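Please look through the sequence and the model below before reading on.

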Number of protein chains: 2
Amino acid sequence: MLRLIIALLLFAGAPAFARPEAWVEANKASILDEYLALLAIPNVASDLPNIRRNADHIRKMMEARGLSPRLLESEDGKAPPLIYGEWPVPGAKRTLILYAHYDGQPVTSAQWKVTPPFKPVLLSNRHDQGGAPVSAPASGREIGSDFRVYARSASDDKAGVMAILAAVDALKAEKRRPGFNLKIVFEGEEEAGSPNLQALLRRHKAVLASDGWLIIDGPAHQTGPQQLVLGVRGDVNAEVTVYGPVRPLHSGHYGNWAPNPGMMLSELLASMKDETGRVTIAGFYDDVVPLSDAERAAIAAIPAPDEALKRELGLGWVEGGGASLTEAIQLPSLNINGIRSADVGENSRNVVPTTATAALDLRLVLGNRPDRQVEKVRQHIRAQGYEVLDREPTMEERLRFPKIAKFTSEPGYPAERTRLEHPLVRDLSEVLRRNGKLVVQPSLGGSLPLYLIREELGAPTIVLGLWNHDNNQHGEDENIRLQSLWDGIDSIAAVLAMP
Amino acid sequence: MLRLIIALLLFAGAPAFARPEAWVEANKASILDEYLALLAIPNVASDLPNIRRNADHIRKMMEARGLSPRLLESEDGKAPPLIYGEWPVPGAKRTLILYAHYDGQPVTSAQWKVTPPFKPVLLSNRHDQGGAPVSAPASGREIGSDFRVYARSASDDKAGVMAILAAVDALKAEKRRPGFNLKIVFEGEEEAGSPNLQALLRRHKAVLASDGWLIIDGPAHQTGPQQLVLGVRGDVNAEVTVYGPVRPLHSGHYGNWAPNPGMMLSELLASMKDETGRVTIAGFYDDVVPLSDAERAAIAAIPAPDEALKRELGLGWVEGGGASLTEAIQLPSLNINGIRSADVGENSRNVVPTTATAALDLRLVLGNRPDRQVEKVRQHIRAQGYEVLDREPTMEERLRFPKIAKFTSEPGYPAERTRLEHPLVRDLSEVLRRNGKLVVQPSLGGSLPLYLIREELGAPTIVLGLWNHDNNQHGEDENIRLQSLWDGIDSIAAVLAMP
């Protein structure tokens with residue numbers, strides 16, 4: 001309540017939006033009812049009939065709010081549509097798009113312990129912390145702050161859909177308009193990698209014109225506060241295979257003589273990093289756009305989760321030569337996703353294997369390009385004495401070159417980052433800070449194809465992470481802590497009212 | 001024929017055995033008949049009823065030859081028995097045991113293209129070189145030198161059983177006695193790793209007293225000649241696992257910060273060898289008993305298969321810094337049998353894996369002990385900064401030690417080598433060289449538990465490899481080129497006549 005009073009005082013000069021918290025408090029039970037109905041519709045992106053059911057259901061939710069919804073279809077009409085709605089504000093100085101996605105990660109129902117993924121249930125707490133099923137409450141007073149809803153997409157990302165629409169309700173209840181032209185976009189295949197997003201943006205470019213996108217997706221900071229994330233790393237995958245003999249050899253008769261691909265690969269991989277985990281590939285960090293002083297200051301202000309995470313993850317040391325996690329993820333990375341050469345354990349045999357393969361994941365930051373980053377790795381492999389091919393070697397090549405590596409990569413995509421100095425960042429930070437504690441991250445470690453929005457529409461993107469971080473997003477028993485939903489609606493309402 | 005005449009002349013002073021070749025030539029058809037019947041009895045060591053059928057059948061074959069056979073049983077009578085026979089020679093200066101094994105490798109019948117494994121067939125040549133089925137010939141004249149018999153154990157090692165018994169026939173046909181007290185031992189679970197051999201040797205120590213064992217098992221040299229192998233490497237397996245986070249982490253959110261066990265393992269393995277493949281673990285070669293000048297000379301005299309093997313195996317370089325294959329296998333080895341960390345290819349995900357594991361195979365030479373060799377590797381891992389455990393680390397240990405490795409090993413066994421200067425080696429080399437070209441190998445690269453025979457019975461062992469090296473031993477479509485069977489009988493008969 002103190003927070004609310006302070007907010008009221010601070011907003012004195014602006015067209016203040018008085019009581020989002022009070023409205024949320026009064027409407028929890030009906031928001032929950034509407035949300036449980038939405039979660040009951042299966043929403044795996046590849047399940048097109050159910051994706052259509054979701055789209056129709058959400059369109060009706062938007063119609064009821066007067067948001068003039070329509071489905072933005074792909075050219076063949078077969079892809080999950082973007083659901084579009086708008087609340088025009090004549091004379092507003094800017095247009096913003098609020099984004100969420102209505103599809104969810106694929107499910108393996110057998111792994112769900114609390115409830116089947118599309119039978120949402122309400123628990124009094126986390127299921128492994130004494131939570132017990134609760135029947136739908138008649139009023140918000142009966143909803144404890146630890147209550148959670150369990151279902152696929154409870155956090156990721158139907159919570160985004162629900163919170164945006166509830167925030168609209170909150171404004172309407174006070175007969176307010178947004179402080180900007182509001183457009184809403186709900187995507188239907190984000191968890192499938194957004195294969196049609198670029199074409200959809202291009203096809204519906206005019207209607208999607210804006211001054212910026214606010215992406216309502218992802219968790220709050222591990223330490224609790226909501227977080228404004230200004231960027232994501234880019235990503236590109238590669239795979240390297242090195243070769244031993246054409247058939248597995250008896251390790252007794254040929255061991256010490258026939259080259260062992262497992263050892264060759266180990267030497268190759270070991271040559272890529274120093275003992276602190278810094279990548280030693282030539283030029284690996286050269287094209288990185290340095291952080292600004294403001295970004296560096298923002299990072300320094302983020303509560304460090306490092307020690308708690310190390311305890312949780314059982315880590316006695318970390319890479320980065322003393323850098324914090326937040327600092328570390330501002331750099332491009334080289335990660336070994338997996339290694340495979342013959343077998344270990346019970347299936348191991350005494351052989352010199354024929355091949356050894358490593359799957360690599362390269363994360364990119366501003367300034368990196370996927371093709372350039374992959375090329376640096378290729379040149380490094382070459383510099384270790386390898387003939388680098390993009391296919392299996394022929395017998396003739398095997399005999400000609402002492403060492404051969406097959407090196408392939410996927411297309412990947414670049415990083416995206418909105419500078420901390422952008423007016424939208426400044427305004428969002430201000431309004432969200434008035435509403436509670438806020439972490440501002442220049443960039444996440446993870447990746448999203450946000451570059452598409454800049455490339456296709458010229459708009460900057462900012463991500464707002466709202467949900468409890470222990471939400472099992474992507475896994476079984478996905479859930480949302482309802483307090484994070486109420487706080488999220490509250491924050492989005494405050495953003496909507498932002499001048 | 002010239003070879004035979006020379007042999008006769010050289011043997012002038014000894015109680016010469018005149019015509020083994022001629023006897024074999026005259027009896028090929030009946031040997032083949034007897035051999036096909038023996039091969040038709042399934043002989044996988046774990047198939048005890050059929051192993052008994054083999055033992056009874058072979059006992060009868062020995063009875064027919066007056067070899068006073070009996071079955072040497074395990075204490076519980078359940079293990080495949082040793083089949084023992086003897087031909088005492090009063091006044092002989094020494095006693096020798098000729099050994100073969102009557103069990104064969106397990107079979108996957110579906111993979112056999114030529115014939116089911118226990119339906120032996122005769123082909124006119126190798127099946128993939130135009131060989132066609134031939135009905136059992138009435139006389140040896142009809143048997144071409146390229147003819148092959150296809151069946152499990154056709155080479156490995158019922159050929160040893162058949163050749164020893166046929167050589168006995170050859171002597172008897174000339175009313176000759178062996179030049180030594182002859183004992184014969186046929187083992188019934190060699191391909192299962194001889195789990196009861198030590199106990200059987202101990203239990204039947206008195207009857208198995210001898211001055212040496214001649215093991216009739218394994219192929220001739222890759223370049224053609226029969227080979228006398230004086231030793232084998234020992235063997236011990238180990239496995240090392242290193243640890244990252246307790247659960248797989250998102251490679252974007254945590255890559256660059258959470259230690260990657262695949263990279264740690266790569267660095268650890270790479271630290272174990274230099275670029276020529278020489279093991280850099282402290283003391284790794286220290287306890288090796290050096291080769292004698294004579295052994296070195298014997299190795300230098302072996303025709304080098306290296307270039308042909310490199311072409312066949314597609315190898316553009318080999319380890320050993322210029323050493324030949326034969327030289328290389330005189331040293332202890334460290335081989336990576338396999339590596340595994342998370343997944344590659346289609347199953348790869350963008351994660352920091354939790355563990356990485358390498359299966360290691362250490363081959364040992366004279367002077368090495370399995371426990372000492374394993375300890376050198378353990379100390380090396382420790383010297384790379386690892387806390388070395390023999391089990392999974394606890395959470396408390398994970399937090400206390402920056403790097404943890406689980407390192408486990410199996411018992412293993414030492415190498416065995418009979419010195420080139422041993423009188424038995426000298427005598428066998430002489431008689432076999434008179435009979436044809438011979439390769440004398442101080443040691444095979446592979447391993448057999450021959451140390452048991454020295455440890456339990458105090459007897460040296462020598463292996464005589466006789467069969468075509470392209471015999472698919474252990475695989476599908478195992479076969480024997482009949483000419484190598486005839487030559488083998490010829491050589492064993494010459495050995496039997498050896499004074």
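## Briefing on the predicted model

Chain A has 15 helices and 21 strands, where helices (H or I, at least four residues) and strands (E, at least two) are DSSP runs, numbered from the N terminus. The model is predicted, so local features are given only at pLDDT of at least 70 and side-chain atom pairs count only at pLDDT 80 or more, while totals for chains, interfaces and linings use all residues. Residues are numbered from 1 along each chain as its sequence is written, and chains are lettered from A and ligands numbered from 1 in the order in which they are written.

**Overall form of chain A**

- The C-alpha trace of chain A spans about 85 × 50 × 45 Å along its principal axes.
- Among the contacts in chain A with a separation of 6 or more, 79% are between residues 24 or more positions apart; two residues are in contact if their C-beta atoms, placed from the backbone, lie within 7 Å.

**Domains of chain A**

- Chain A is divided into domain 1 (2-232 + 415-496) and domain 2 (234-288 + 331-409), with bounds that come from an automatic or database domain assignment.
- The centres of domain 1 and domain 2 of chain A, taken over C-alpha atoms, are separated by 41 Å.
- The contact between them takes 5 residues from domain 1 of chain A and 7 residues from domain 2 of chain A.

**Helix α15 of chain A**

- Helix α15 (residues 482-496) of chain A has 15 residues and should span 21 Å at 1.5 Å a residue, which agrees with the 21 Å between its end C-alpha atoms; the expected span is 1.5 Å times one less than the number of residues.
- Because 14 of the 15 residues of α15(A) are buried, this helix is largely enclosed by the rest of the structure.
- Ile492(A) is found in helix α15 of chain A, and Ile492(A) is buried, with 27 other C-beta atoms within 10 Å.
- Leaving aside neighbours within four places in sequence, Ile492(A) is in contact with Ala163(A), Ile164(A), Ala167(A) and Ile216(A).
- Although Ile492(A) and Val168(A) are 324 residues apart along the chain, their C-alpha atoms are separated by 8.7 Å.

**Strands and sheets**

- In chain A, strand β9 (residues 226-229) and β19(A) pair in the parallel sense over 4 bridges, and strands are said to pair if DSSP finds at least two bridges between them.
- The bridge partner of Gln227(A) in β19(A) is Val439(A).
- In a regular strand the side chains alternate between the two faces of the sheet.
- Both faces of strand β19 (residues 438-441) of chain A are covered, with Leu438(A) and Val440(A) buried on one side and Val439(A) and Gln441(A) buried on the other.
- In chain B, an open sheet of 8 strands with mixed pairing has the order β1-β2-β7-β3-β8-β20-β9-β19.
- At the edges of this sheet stand β1 (70-72) and β19 (438-441) of chain B, each with a single partner strand, so one side of each is left without a neighbour in the sheet.
- Strands β2 (residues 82-87) and β7 (residues 181-187) of chain B run antiparallel and are joined by 5 bridges, and the bridge partner of Glu86(B) in β7(B) is Lys183(B).

**Backbone details in the loops**

- A cis peptide bond with omega of about 10 degrees joins Asp156(A) and Asp157(A), and Asp157(A) is found in the loop between β6 (148-150) and α4 (158-173) of chain A.
- In chain B, the peptide bond from Asp156(B) to Asp157(B) is cis, with omega near 10 degrees.
- Ser153(A), which is not a glycine, has a positive phi of about 75 degrees; Ser153(A) is placed in the loop between β6 and α4 of chain A and counts as buried, with 31 C-beta neighbours inside 10 Å.

Conventions: A residue is buried if 20 or more other C-beta atoms lie within 10 Å of its own, exposed if 12 or fewer, and partly exposed in between; C-beta atoms are placed from the backbone.
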